[in-house]
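I opened my notebook to go through this one from the coordinates, and you are welcome to follow along.

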Amino acid sequence: MAFDNTGFGGVDGSRYLPISEHGLIGDLRTAALVGTDGTIDWYCCPRFDAPSVFGAILDADRGGSFELAADVPSRTRQFYFPDTNVLITRFFAADGVAEIQDFMPVVDESREAGRHRLIRRVVCVRGVLPFRVRVAPRFGYGAEPHTVRLAGHEAIFESRSLSLALTTTTTLECDGKDVISHFKLLEGESAVFALDRIGDQVGPRACPKAEAEDEFCATVGFWRRWLAGSRYHGRWRETVHRSALVLKLLTYAPTGAIVAAPTTSLPEQIGGERNWDYRYVWVRDAAFCIYAMLRLGFTSEAEAFMGFLDERAVRLDPGHDLDATGPLQIMYGIDGRRELPEYELAHLAGHLGSAPVRVGNAATGQLQLDIYGALIDSVYLYDKWGQPIGSDRWDEVGGVVDWLCDHWDQPDEGVWETRGGRRNFLYSRLMCWVAMERAIRMAHRRGLPADLQRWQQSRDAIYRQIMRRGWSAERKAFVQCLDGDVLDAALLMMPMAKFVSPTDPKWLSTLDALTAELVSDSLVYRYDPESSPDGLRGTEGTFSICSFWYVEALARAGRLEEARLAFEKMLTYANHLGLYAEEIGPTGEQLGNFPQAFTHLSLISAAFNLDRALG
């Protein structure tokens, strides 16, 4: 397939597939992006946040890839095997039709979990088709040298930090430090390629055709059994279930952590500097994910994330300086680690020349007070829809709320992680109110011990401050910062958080103002960077999570025709598999890290609530 890509800084744009031209596979520990041309151009092993082995999506020359494609002119189509995360890429040529079945078996905590097996099975379904293969790993984000040893149908790639074994049913040849293969399949014939991490008592293991078939069936069975737990039977069942499968793919099974996205540095603007590493656990994103999962009936994912927070995140020990950073960081590593130093990989060109490529995330040290509302709301919902929380967890909730009573009235970096300095963001105040209000509800409903008088006084003080200083009489709208006049799409959460009635005249006026200034064909911008400088150069696309928030705000306001039209329009911006990156660009292209959990969880919420409103 041909794409019109424009590269920056002398980069050949024709060598990069658009971000949207990919599907995702994974094993609940790591994930890989597979292009519509059959190439794996993003894969980190053995974890989401490990250095890339295949990273051609960030540098076609140095990143590395696993190419597998028809060796004749062909058209391709890509889809997921129904109700699974098994990806099928089909090749249509003059003399035949074939498909690649890409998947990663999901295993338990046994020794085999360390294998991270990635299986690529090629099947000729009609006629005859020749194929070509090039396996070109580039370890350590393309900076770590490696050797390759070939023995029959097996190749061993070894670097200082990682070793991989490629086993196949075809003949392999060395080409420098890469491995290549050429083969032809007749109708009904197949070939198998299996890539394993080896070491730590996990050795190379062949993957004959019979085993590949068993692994395929087991993987299909795993995803279908999991999805069968969904309670959603509404109008957009297939779309909602695809989003649920994405969220599950972004879960790190050993700890229950949920990454914001499986990629780093996919640009929010082609050629721009807004490139970030999203392979970590944002408390906010993960908490909203819990809401989406609970809505669908997946309580075990909610329990696993609560366990992640209990064991690694909440810090209420007497020796910790809570005044400096609060009980929570805004994000953690998938293993719960707190240090995520940010640095640039200067040797990588970036996607379509969009440098810098960043690893780590300096926003770890930011103060974002809204995370406490997201967290305690998720605890409240889990207590209501999942299992009643225990006494230790309630003590943690109480400690967080007590801390907020002393610290809510201060500037922070806000939900959008601005690097332009701290401000008095209204959304941060709103979510502090949510934290206190939900904790008060839990205390009343369960008869739990709490300093209710203090909590209620703080909650009410936040409400009065927002109404007094967060409302602009001139703009006839609630605004981004106290005493300001800039609009912000984060305020679409106000009725969803139950802070204001969705038909309150002030809110309806705000909704109209947001529609007039920040909405374009159902797509919603976060804010205007010129009116509200965020410390970064360049522009960005519309934020897809805000677009789904907009749908839900319209639905709650009773504007159902507008809401349904906006939702259906948003569905047309998904890629061919129903996946969304973080943003949508000026001509409908997907921008930013891909796929993004935040977008898919907001899709689930919008679909659920719009469906309920339509009756």
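The entries below cover helices, a helix pair, aromatic rings and some backbone details.

**Ground rules.** I am working with a predicted model, where local features need pLDDT of at least 70 and side-chain atom pairs count only at pLDDT 80 or more, while totals for chains, interfaces and linings use all residues. Residues are numbered from 1 along each chain as its sequence is written, and side-chain values use heavy atoms, with hydrogens and water left out.

**Helix α10.** I took helices (H or I, at least four residues) and strands (E, at least two) as DSSP runs, numbered from the N terminus. The expected span of a helix is 1.5 Å times one less than its number of residues. For α10 (residues 452-469), 18 residues at 1.5 Å a residue should span 26 Å, and the end C-alpha atoms are 25 Å apart, which agrees. Next I looked up burial (buried is under 20% relative accessible area, exposed over 50%, partly exposed in between, with a 1.4 Å probe and protein chains only). The buried residues of α10 include Trp-455, Arg-459 and Ile-462. Contact here means heavy atoms within 4.5 Å. Among the elements covering the buried residues of α10 are α8 (391-407), α9 (426-446) and α12 (505-518).

**Helix α13.** This helix (residues 544-556) reaches 19 Å from first to last C-alpha, close to the 18 Å expected. I found 12 of its 13 residues buried, so α13 is largely enclosed by the rest of the structure. Trp-549, Tyr-550 and Glu-552 are among those buried residues. Just after α13, Gly-558 takes a positive phi of about 85°.

**α3 against α15.** Axes are lines fitted to C-alpha atoms, for helices over the stretch in contact, and angles run from 0 to 180 degrees between N-to-C directions. On that basis α3 (residues 237-249) and α15 (residues 597-614) pack at about 145°, with axes 9 Å apart. The contact includes Val-240 and Leu-247 of α3, and Leu-601 and Ile-604 of α15. What classes of residue make the contact of α3 with α15? I noted nine nonpolar, three polar and no charged residues. (Ala, Val, Leu, Ile, Met, Phe, Trp, Tyr, Cys and Pro count as nonpolar, Asp, Glu, Lys and Arg as charged, and the others, Gly among them, as polar.)

**Rings.** I listed 27 aromatic pairs. Rings of Phe, Tyr and Trp (its six-membered ring) pair if their centres lie within 6.5 Å; planes under 30 degrees apart count as stacked, over 60 as edge-to-face and the rest as tilted. Tyr-291 and Trp-385 have ring centres 6.3 Å apart and planes at 40°, so the pair is tilted. Tyr-291 is in α4 and Trp-385 in α7, so the pair ties together parts 94 residues apart in sequence. Tyr-291 counts as buried at 15%, whereas Trp-385 is partly exposed at 28%. Tyr-372 and Trp-403 are also tilted, with centres 5.5 Å apart and planes at 45°. Both are buried, Tyr-372 at 1% and Trp-403 at 5%.

Most residues other than glycine have a negative phi, and most peptide bonds are trans. I found a cis bond joining Cys-45 and Pro-46, with omega about 10°, and another from Ala-355 to Pro-356, with omega near 5°. His-116 has a positive phi near 50° and is buried at 6%. Glu-417 has a positive phi near 55°, in the loop between α8 and α9.
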